[in-house]
Amino acid sequence: MAQQLAIIVMVDVSAAVKARTLQGNTYLLDNMKLQGSEGEGTGALVTAINGTHWVDGSMGDEQVLNWLPCALGSIPMTVPRNYHLHRSRQIEQDALTAIRDLGNSTPGRTNVSAELGRIHGSLGTKVRYRRPGGTGRAGHIALDVTGNPTGRAPSGASSAPDHPPLLITDIFGEAVERNVIFPAQYGSPDLVTDGWYWSASVDSTREGVYSYTMALEVHRPIEENGVWAWEPVRLTYQSRLRISNRPKRNAFTGAGVSFLPVPPPEPAAPAGTLDASTTSPSLF
């Protein structure tokens with residue numbers, strides 16, 4: 001079975017959008033630290049890929065990379081992707097309930113104008129996504145990282161909005177051009193990634209250090225007619241792989257991988273003698 005290696009791509013989206021670069025705003029981790037990966041938790045990760053080989057040097061098992069993007073300072077990626085929509089419906093339902101209660105209140109005891117203003121402010125504002133040729137229709141309510149509505153517009157927002165999901169749109173560069181890795185986008189029933197993720201098989205016989213580049217899409221908030229609108233920003237980031245055929249270390253003895261020890265055959269018993277193990281079987 002192929003060995004699955006995960007690379008976590010963590011991006012400070014707000015800082016990256018402001019600086020228009022992923023440099024200094026990207027942090028990479030993988031699950032190969034104990035096998036030789038360097039730069040864990042920094043932007044200079046070198047992922048170790050220690051291939052499994054047969055005695056003739058051919059590849060014994062496939063190594064597979066999986067890239068998992070994660071935005072820092074956003075609603076956790078572990079919540080369902082339709083969380084924003086369900087939260088928006090709940091906010092709108094709470095506003096309708098407040099209006100109903102206002103209508104049932106005792107006349108003269110409630111400042112109707114002030115209460116309506118409060119209800120209106122609790123609705124926040126809808127967000128829109130910019131598309132070629134114009135802006136798409138409004139979607140869910142703009143939420144902050146706590147799941148509460150933000151202000152009416154970017155200039156008057158009380159807190160930063162939760163950015164749309166971070167997307168990897170392509171993987172290319174030296175490792176791909178030299179046929180060291182073979183990336184592709186795959187579909188799965190995983191609700192966290194919306195069913196899509198990037199993966200690559202690795203030719204682990206190609207020893208050396210190779211670079212590859214990820215194309216990522218983030219979104220920056222802009223103001224259009226007093227409401228939020230998300231504009232896509234496409235950025236790239238380069239990382240590296242180090243492929244080797246070094247034997248993996250045994251965690252218990254510190255020994256590497258080698259041939260299993262085979263004890264020499266026992267000398268044959270002299271003719272005419274009996275082996276006690278065949279005449280008196282042990283009960284233990």
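Author: Leaving aside its neighbours within four places in sequence, Val13 is in contact (heavy atoms within 4.5 Å) with Ala71, Leu72, His163, Val218 and His219. This is a predicted model, in which local features need pLDDT of at least 70 and side-chain atom pairs count only at pLDDT 80 or more, while totals for chains, interfaces and linings use all residues. Residues are numbered from 1 along each chain as its sequence is written, and side-chain values use heavy atoms, with hydrogens and water left out.

Val13 lies in helix H1, residues 13–19, where helices (H or I, at least four residues) and strands (E, at least two) are DSSP runs numbered from the N terminus. With a relative accessible area of 2%, Val13 is buried, a word that stands for under 20%, as exposed does for over 50% and partly exposed for what falls in between, with a 1.4 Å probe and protein chains only. Between Val13 and Cys70 there are 57 residues in sequence and 9.5 Å in space, C-alpha to C-alpha.

Turning to the strands, E6 (residues 63–71) runs antiparallel to E11 (residues 196–202), and 5 bridges join them; two strands pair if DSSP finds at least two bridges between them. Within this pairing, Trp67 has Trp198 in E11 as its bridge partner. Strand E10 (residues 181–187) is also antiparallel to E11, joined to it by 7 bridges, and here Tyr186 has Tyr197 of E11 as its bridge partner.
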